[in-house]
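Here's a quick briefing for anyone meeting this structure for the first time. Have a look at it, then read on.

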Amino acid sequence: MSDTFSFLLMAWLDPGLLSLTALGVLAGIYIGAIPGLSVTMAVSILISFTFSWDINNALALMVGIYVGGVYGGSRTAILLNIPGAPSAVVTAFDGYPLAQRGEAGRAIGLSTVMSVIGGFIGVAVLAGTAPYLSDLALQFAPRDYFLIAIMGLLLVSTLSGKSLARGIFSVALGSTIGLVGMDMVTAQPRLTMGSMELLGGIHYVVVMIGLFGVAEAFYQLHNMAKVPVKQNVDKIIPPLNMVLKFLPLSIRTSIIGVVVGALPGTGGDIASLFAYDHAKRTVKNPSSPFGEGAYEGLVAPETANNAAVGGAYVPMLTLGMPGDAVTAVIIGALVIHGLNPGPMLMIETPHIFWFTVGNLALANIFLLIFGMTGIKVFSKVVEIPKAILIPLILVLCVVGTYSINSNMMEVYWMLGFGILGYWLKVYGFQMGPIILGVILGPLLDETYRQAMSSVGDSSSDFLLALVANPLSLALTTVITLVLLGNTPLKGWIMARFARN
Amino acid sequence: MFKPLLTSLAVAVGSLAVAGSALADYPERNIQGTIQWGAGGATDNVARSLTPHVEEILDTTIVLTNRPGGTGVIGMNHVMRQRADGYNLLYGAENPQLYPLMGLADFTYDDMHAVNIIGQGLVVIAAHPNSPFDTFAELMEYARENPGELRMGGTGAGGLPSTVHAMINAVDELDVRDVTFGGDGPGVTALLGEHIDFMPLSLSAVAEQIRGGRLKGLAVLTSEELESLPGVPPITQALPDIEAFLPWGPFWGVFVHQDTPDDIKSTLEDAYEQAVAGDEFQEFLTNFGGATLNLSGDEAQAYLDNWQSVTAWSMHEAEAETVKVSPEELGIPRP
């Protein structure tokens with residue numbers, strides 16, 4: 001027990017580890033804020049860099065960058081409507097309208113506090129239930145991931161804005177983009193039109209930067225004359241009663257985040273989508289309508305994506321299996337440092353587990369500190385004249401895209417998506433459902449084929465499996481209820497009950 | 001009379017000196033290393049743990065970049081299009097040797113120069129501890145009586161499981177449901193949750209799971225039992241004829257443009273040979289479940305040719321549906 005405590009507090013008491021964690025969080029916030037610069041990339045560069053270091057130092061820096069980076073994606077989402085990372089796409093829905101209302105400072109302050117709350121809940125779940133949660137995550141068969149992807153598709157109704165038909169079209173377009181590249185099963189090129197460059201598919205961050213960054217920059221040209229909103233930077237730290245008011249919602253969305261994050265097939269991007277949907281369904285009287293600057297619409301994704309960090313560590317520390325791309329790279333770092341990430345990690349080197357838990361908690365404290373700094377300066381970004389801001393955004397988009405895979409071809413694609421996104425915006429299409437399709441399309445394709453081949457390609461056995469297993473049955477029931485809830489049937493049943 | 005002679009002599013000496021200094025100077029700036037697979041994968045792990053030792057020997061920085069996609073086609077294509085000056089290296093796995101066969105690209109490692117074939121991964125056929133089978137022979141027997149019933153994890157056409165499956169089918173018949181995953185990781189996760197019955201995997205991906213009792217090995221793809229996996233029988237016990245294809249495994253190597261000057265090639269070859277042989281890297285590789293090869297020059301070429309011929313022909317004989325062209329048409333000799 002005393003050992004556990006000393007491991008937990010290791011990062012807190014050692015000045016070297018303490019400052020590395022702080023440095024990581026600070027660097028992570030800025031890496032995360034730039035679209036295209038990702039935490040995965042930063043952590044893989046660190047592997048070579050920290051090769052000769054002590055493993056604890058390397059891990060402290062990586063934990064810091066991870067926590068800071070997931071949060072950092074929200075900054076540009078709020079200020080410029082350009083999410084710094086896929087898990088911050090949802091943050092832009094209500095964060096950007098808030099900034100347009102002059103509340104950028106308040107939005108960033110709130111998202112910081114909520115990220116920290118989400119982060120702490122994620123750490124608590126990791127510390128308390130890791131072995132059980134990882135056993136639960138292993139229960140998810142390919143068919144269950146398929147059902148989750150279907151549930152994800154139903155989010156289109158939440159993300160479409162005014163026109164559901166346009167939303168459905170956008171999801172279909174996104175899924176098609178997501179399917180470009182080599183077929184996973186047969187290795188045949190799909191929709192590549194003979195191009196070798198397209199064999200690897202179109203990276204979803206390329207699509208995201210194009211649709212959100214470039215398209216937004218072009219769209220802003222419409223209101224060149226509009227004077228930027230004066231930002232109110234007096235009220236940055238959210239008052240306690242506001243935090244308390246959102247506490248029940250933030251706990252629910254954090255739990256969504258940590259569970260979705262712990263599933264090896266899904267991460268913070270999908271978690272934040274589900275959390276937003278949950279908020280929209282359960283919060284009856286938001287501070288403003290959703291999509292027009294509701295604080296609740298900011299609380300849900302920001303808690304969920306930071307809680308997903310703790311979740312992603314669950315399968316990594318208990319089984320040696322990555323919960324997402326970042327933990328995959330951290331596993332590589334452990335291997336290179338001579339440790340054996342696997343089911344024996346917690347038994348043979350328990351200090352790694354408790355050290356990580358303590359370090360994640362510490363990183364969240366630093367997130368609270370650093371997240372509250374620089375907000376005044378950042379908020380001023382919104383006040384920069386468009387003639388300066390728009391070229392800057394375009395440069396940032398190009399640099400960010402190039403840095404994903406150092407591939408010029410992807411920059412051209414990104415610009416192409418920017419132009420496409422601009423026209424879609426002009427004709428009233430939302431960007432959110434397209435990204436939803438890009439993320440879910442490949443997941444649907446993959447898991448449907450896995451589920452079908454598992455039952456010997458028999459459709460009847462496949463349908464039977466969806467209700468024969470308790471977990472699948474639960475997911476199927478939820479999907480059915482959500483579907484029925486959106487049909488006239490619901491009103492009819494309600495009316496019947498009311499009459500009786 | 002003398003003057004022109006002296007001049008030309010001076011020029012000759014001068015140019016020699018220039019050439020000499022160019023030789024001695026390599027590498028005079030950072031080298032770019034392209035990894036053809038994503039961050040956190042086996043190729044990435046090998047590249048990132050070997051490179052710091054090479055940097056020390058060459059006294060330069062090697063900037064590593066992952067360029068994944070298209071089973072490595074994109075990364076390799078990138079390096080082949082760079083200048084042949086030794087400042088662009090490719091860290092690759094075995095896949096390019098099958099590109100023409102699968103119709104993915106018209107190049108293979110024959111179109112590059114092998115600096116070093118670092119090592120080879122061992123292969124184990126793994127199952128969940130609850131599985132009724134303790135050896136691969138038992139599994140084969142069940143599959144013969146119940147064709148098309150067992151679920152085998154795979155990673156798609158040309159991946160390691162499909163190649164091992166093809167080798168088995170070249171000497172016997174194994175009719176199973178092929179469930180494809182995005183890589184070793186998702187496959188192992190499905191195996192841990194008993195969503196598939198067995199999966200051929202590289203030892204590096206499952207060694208820890210077997211040691212921790214979360215998975216068990218049914219067979220290793222060797223002709224003798226492994227010291228590191230006592231009690232797991234060699235596959236030859238179940239299928240003696242498969243010995244003709246062994247030793248076989250996924251491999252990792254470092255490559256440069258074919259037209260790179262010879263002196264630079266040899267500088268790189270020496271540096272990598274020394275780094276791979278170093279104690280620290282050897283310890284990593286053993287821990288990682290790999291076997292050292294450390295081959296360069298003709299030996300490396302012979303290894304690559306043999307690997308290609310064994311794999312291509314076993315896939316062809318098993319009539320794997322992914323084989324677009326006969327190995328014969330591509331000029332790949334029979335093993």
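How many residues of chain B are in contact with chain A? It's 49, and they touch 45 residues of chain A; here, contact means C-beta atoms, placed from the backbone, within 7 Å. This is a predicted model, where local features need pLDDT of at least 70, side-chain atom pairs count only at pLDDT 80 or more, and totals for chains, interfaces and linings use all residues. Residues are numbered from 1 along each chain as its sequence is written, with chains lettered from A and ligands numbered from 1 in the order in which they are written.

**Where the chains meet**
- On the chain B side, α2(B) gives the largest share, six residues.
- Other elements giving two or more residues include β2 (62–66) and α8 (203–211) of chain B; helices are DSSP runs of H or I with at least four residues, strands runs of E with at least two, numbered from the N terminus.

**A helix pair in chain A**
- Helix α11 (residues 240–262) and helix α13 (residues 296–319) of chain A pack at about 35 degrees, with axes 6 Å apart; axes are lines fitted to C-alpha atoms, for helices over the stretch in contact, and angles run from 0 to 180 degrees between N-to-C directions.

**A closer look at Phe251(B)**
- Phe251(B) sits in strand β10 (residues 251–257) of chain B.
- Phe251(B) counts as buried because it has 23 C-beta neighbours inside 10 Å (buried takes 20 or more other C-beta atoms within 10 Å, placed from the backbone).
- Beyond neighbours within four places in sequence, its contacts include Ile117(B), Leu293(B) and Trp307(B).
- Pro333(B) is 82 residues from Phe251(B) in sequence and 20 Å away in space, C-alpha to C-alpha.

Methods. Two residues are in contact if their C-beta atoms, placed from the backbone, lie within 7 Å. A residue is buried if 20 or more other C-beta atoms lie within 10 Å of its own, exposed if 12 or fewer, and partly exposed in between; C-beta atoms are placed from the backbone.
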